[in-house]
Amino acid sequence: MDITLVEETPFRFRIERQVPMRVPGVVFATRELLPQAAGDKALEQVVNVATLPGIVRASYAMPDVHWGYGFPIGGVAATDMDAGGVISPGGVGFDISCGVRLLAAGIDRGPLAPRMRRLMDILGDTVPRGLGPGGLWKLSGRSQLGELMVSGAAYAVEHGRGVPRDLERCEDRGTLPGADPSQVGQRAVDRGLRQVGSLGSANHFLEVQAVDRVYDEPTATAFGLHTGQVCVMIHCGSRGLGHQVCSDHVHAMDQSLRSFGIELPDRQLACAPAVSTPGSAYLGAMAAAANYGRANRQLLTEAARHAFTVVAGAGLDLVYDVSHNMAKIETHDVDGVRRRLCVHRKGATRALPPGHPDLPDDLAEVGQPVLVPGTMGTASYVMAGVVGNAAFWSAAHGAGRVWSRHQALRRVRGEQLHEELESHGIAVRPKSWRALAEEAPDAYKDVDAVAVATEGAGLARLVARLVPLGVVKG
DNA sequence: ATGTTC
């Protein structure tokens, strides 16, 4: 497919609407960050998404955009719930509610340095990770899992896994409303029962980091961050449960497409009107899986707190927890009219501006923390939501792949990468050499460039840069 | 992303 990009600003490109697109495509990126790898069909996917029934304004891509299942990763699309707008599982992603949580430690990097090895050893021994079963919390059965899926991180806190303040710093206070566990199939339940409190594999990690640089002192202070401070960043999702929910509902929606008269350029965009039986079934299951992912991050937080208490007598305060694979029902102005939209963010972080009523009181003046993890061995960024965000309050979610996993395996050896990271002073506790090689820093875009482009595009602003001290990988 | 191909 031949796609013409019109450069509107150094940080914004436009794909003009042409049949069968319903809206234009808008790509927030620099020329250097545009998908260029051979075979990367991300821009074609931006165009495909623009054909979806009920889509409003534009099909958006964030600076870390790359090829995904149906929708690009780094894609944002909003559909009008009350005008036949669709919900598509491919617009959320297989890892429903995959997201990031940042914790601020009560210790700086200097005092922690002599105890770093022991800290990493304890984290390496206590954080369940890798493929397959194994989690910190053994659930009694479907009924307990059902309660967890209804309440999310709040369920974990109510059961002693965390403190009430944690919930104040979780998106939606840790509970996405509307969860319907009855729409989560038996296979998903069976997989989920054995994985609550586990990191998973691939790009998921638990990292010990230090604040390397502060760009905005007052906002960093409001977030509880200062230069030299140690942090913990947790990146994980809803494991096999979310994956199974996505598979099951993609299949169901593929079957129901004809009954709604929906024609798609790619079957991976399988969808249904958000207001329909299959649409609400998926939304209920998605919310259940989202809450599972949030409870998962809450449990891993407790493992990190245990290690920090034992080794350093230091606490970990939650800065923020935000999902970057979600569809949410939100009200936005579209051409001057308030509309109820289904906002798909797939590999895109919600970024509420200052003054938004959904922010906790103590963050109302500075905006939502926007967490942008880098890849292994590189920096991560803390940004903040801004007024004027043109993509339904959305921003980048990470570095974004440029090599496929297969390409990475051909070019990188896990053992060698491990040695390189350790020689740079980064302690690594991997589960498998293969997973390590797949996540090589060279397989990703430059996260520093992604953060700069995110700010340049007016999606969020820089607050702090974090560098890795130690990483626990699946 | 993923009991790494129903």
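Guide: Let us begin with the polar contact, a pair of N or O atoms within 3.5 Å; within protein, one must be able to donate a hydrogen and the other to accept it, and residues adjacent in sequence count only if both atoms are side-chain atoms. Here, a polar side-chain atom of His 243 lies 3.4 Å from a base nitrogen of DNA strand B. This is a predicted model, in which local features need pLDDT of at least 70 and side-chain atom pairs count only at pLDDT 80 or more, while totals for chains, interfaces and linings use all residues. Residues are numbered from 1 along each chain as written, chains are lettered from A and ligands numbered from 1 in the order in which they are written, and side-chain values use heavy atoms, with hydrogens and water left out.

Visitor: How many residues are around DNA strand B, and which come nearest?

Guide: A residue is near a strand if one of its heavy atoms lies within 4 Å of it. There are 14 residues around DNA strand B, of which Leu 131, Arg 191, Gln 195, Asn 203 and Arg 405 come nearest. Sugar and phosphate make up 50% of the atoms of DNA strand B that come within 4 Å of the protein.

Visitor: Which helix gives the largest share of that surface, and how is the surface divided by class?

Guide: Helices (H or I, at least four residues) and strands (E, at least two) are DSSP runs, numbered from the N terminus. Helix H9, residues 239-256, gives the largest share, three residues. As to class, Ala, Val, Leu, Ile, Met, Phe, Trp, Tyr, Cys and Pro count as nonpolar, Asp, Glu, Lys and Arg as charged, and the others, Gly among them, as polar. The surface near DNA strand B has seven polar, four charged and three nonpolar residues.

Visitor: Which residues does UniProt list under "binding site" together with Asp 95?

Guide: UniProt positions follow the numbering used here, feature names are shortened, and annotations may be inferred rather than shown by experiment. The unreviewed UniProt entry lists Asp 95 and His 204 for "binding site". These residues are spread over 110 residues of sequence, yet their largest C-alpha distance is 10.8 Å. The side chains of His 204 and Asp 95 make a polar contact at 3.0 Å.

Visitor: Is His 204 buried or exposed?

Guide: Buried means under 20% relative accessible area, exposed over 50%, and partly exposed in between (1.4 Å probe, protein chains only). His 204 counts as buried because its relative accessibility is 9%. Asp 95 is also buried, at 16%.

Visitor: Where is His 235 placed, and what does its side chain reach at 3.2 Å?

Guide: His 235 is in strand E9, residues 229-236, and its side chain reaches the backbone oxygen of Asn 203 at 3.2 Å. In the unreviewed UniProt entry, "binding site" also covers His 235 and His 324. His 235 counts as buried at 4% relative accessibility, and His 324 counts as buried at 3%. His 324 lies in the loop between strand E11 (316-323) and strand E12 (325-334).
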